Amino acid sequence: MTRNASTARTILQRAAISAAAVAMIAGGAVATAGSASAAPKPITLTSASCPYSIAKGQTSGCVTRLQDLLNAKQGAKLVADGVFGERTRVAVVTWQKNHKLTADGLVGPATKASLEGKPSTSVQARIVSQAKALAKTPNVRYGLGDGHGAKPGPTSGRIDCSGYTRWVVGKALGHEKFARWDSSADQKRKVVATSRPVAGDLVFFNKPGAAISHVGVYLGSSTMLSAIQYGNVNGIHKDNLSVMNGYQRSFGRVTG
């Protein structure tokens with residue numbers, strides 16, 4: 001074999017080795033990319049499948065949808081991987097500021113509705129809806145201290161006033177707002193006082209100088225739904241606020 005032939009063969013061998021190396025690297029890159037987990041399938045933000053508030057640290061199809069919407073409507077240039085990280089939070093805050101929403105980085109009902117282009121159903125509207133629906137539960141009677149079990153709702157068919165509002169508000173929010181043993185006084189401390197009540201606010205009653213002793217769901221037009229016992233009435237009833245004659249009243253708003 002001549003020197004020139006030997007040199008040419010060496011060059012060809014090195015070229016073949018280099019090509020094989022490139023192929024292995026490329027193959028490894030493809031394998032790595034193929035092994036990456038796919039993003040969760042998008043879920044409409046306003047659907048019942050998404051939590052009340054979507055927040056940093058969550059991973060879900062709700063987050064994938066959020067990222068898709070922010071990319072499409074705001075040019076956020078997020079990786080739609082379904083992971084709510086810091087870049088997603090910053091993009092949410094920017095959207096909220098641009099649309100005059102509370103810029104807290106939490107994707108609650110108002111932000112969801114703004115992104116989806118659908119009307120928002122307020123917390124108060126959901127509370128009224130749940131209060132009316134749960135009031136139709138058959139054979140529920142008033143029972144002092146009932147409704148404060150491990151799960152919200154009547155205890156052996158009985159419920160008291162704060163047990164009822166715990167049940168209603170928990171259903172409306174999709175999570176528990178009030179703790180298991182919260183009394184009506186405890187619940188008042190967990191809502192925002194308002195002097196301009198709307199339907200869906202809570203209404204609290206107390207004797208002058210005494211602690212809160214009754215709570216109901218305000219329906220507007222001086223009416224409420226509450227678990228109550230008076231005379232022959234024993235259960236969940238719609239009443240005029242004047243049924244609590246001699247009591248002072250105050251209102252509180254559930255904010256989530």
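# Helices, sheet and single residues

Visitor: Is the crossing of helix 2 with helix 3 left-handed or right-handed?
Guide: In this predicted model, helix 2 passes helix 3 in a left-handed crossing.

Visitor: And at what angle do the axes cross?
Guide: The axes of helix 2, which covers residues 61–74, and helix 3, which covers residues 86–98, cross at roughly 55° and come within 11 Å. The two helices are therefore oblique to each other, since angles between the roughly parallel range, under 35 degrees, and the roughly perpendicular range, 65 to 115, count as oblique.

Visitor: Which residues in helix 2 and helix 3 meet there?
Guide: From helix 2 come Leu 66, Gln 67, Leu 70, Lys 73 and Gln 74, and they meet Thr 88, Ala 91, Val 92, Thr 94, Trp 95 and Asn 98 in helix 3. Sorted by class, the contact of these two helices has five nonpolar, five polar and one charged residues.

Visitor: Let me step back a bit: how many helices and strands does the chain have?
Guide: Its secondary structure comes to seven helices and eight strands, and of the 256 residues of the chain, 38% count as buried.

Visitor: What order do the strands of the open sheet have?
Guide: The open sheet has six strands in the order 3-8-4-5-6-7, and their pairing is antiparallel. Strand 3 (192–194) and strand 7 (233–240) are the edge strands, each of them pairing on one side only. From one strand to the next, the twist averages 35°.

Visitor: Which helices pack on the sheet?
Guide: Helix 5, residues 123–135, packs on the sheet and touches strand 5, strand 6, strand 7 and strand 8 (248–253), with its direction at about 105° to that of strand 5. Helix 6, residues 161–173, packs on the sheet as well, touching strand 4 (202–206), strand 5, strand 6 and strand 7, and its direction makes about 40° with that of strand 5.

Visitor: OK, and how many bridges join strand 5 to strand 6?
Guide: Strand 5 (residues 212–220) and strand 6 (residues 223–230) run antiparallel and are joined by three bridges. Along this pair, Tyr 218 stands opposite Met 224 in strand 6.

Visitor: What about strand 6 and strand 7, how many bridges there?
Guide: Strand 6 and strand 7 pair over eight bridges, in the antiparallel sense, and Ile 228 stands opposite Gly 235 in strand 7. The two strands form a hairpin with two residues between them, and Gly 231 in the turn has a positive phi of about 55°.

Visitor: Now a residue in strand 7: is Lys 238 buried or exposed?
Guide: Lys 238, found in strand 7, is exposed, because its relative accessible area is 59% and exposed means over 50%.

Visitor: Which residues is Lys 238 in contact with?
Guide: Leaving aside neighbours within four places in sequence, Lys 238 is in contact with Leu 219, Thr 223, Met 224 and Leu 225. As for Tyr 218, which lies 20 residues from Lys 238 along the chain, the C-alpha atoms of the two are separated by 9.7 Å.

Visitor: And Ser 184, buried or exposed?
Guide: Ser 184 has its place in helix 7 (residues 184–189), and it is buried, because its relative accessible area is 5% and buried means under 20%. Apart from neighbours within four places in sequence, Ser 184 is in contact with Ser 162, Phe 204, Ile 212, Ser 213, His 214 and Val 215.

Methods:
Residues numbered from 1 in each chain as written. Predicted model: local features only at pLDDT ≥ 70, side-chain atom pairs only at ≥ 80, totals over all residues. Heavy atoms only, no water. Pairing = 2+ DSSP bridges. Helix = DSSP H or I, 4+ residues; strand = E, 2+ residues; numbered from the N terminus. Axes fitted to C-alpha atoms, helices over the stretch in contact; angles between N-to-C directions. Contact = heavy atoms within 4.5 Å. Parallel < 35°, antiparallel > 145°, perpendicular 65-115°, else oblique. Left-handed = near helix turned anticlockwise from the far one by under 90°. Nonpolar A, V, L, I, M, F, W, Y, C, P; charged D, E, K, R; others polar. Buried < 20%, exposed > 50% of the residue type's maximum accessible area, 1.4 Å probe, protein only.
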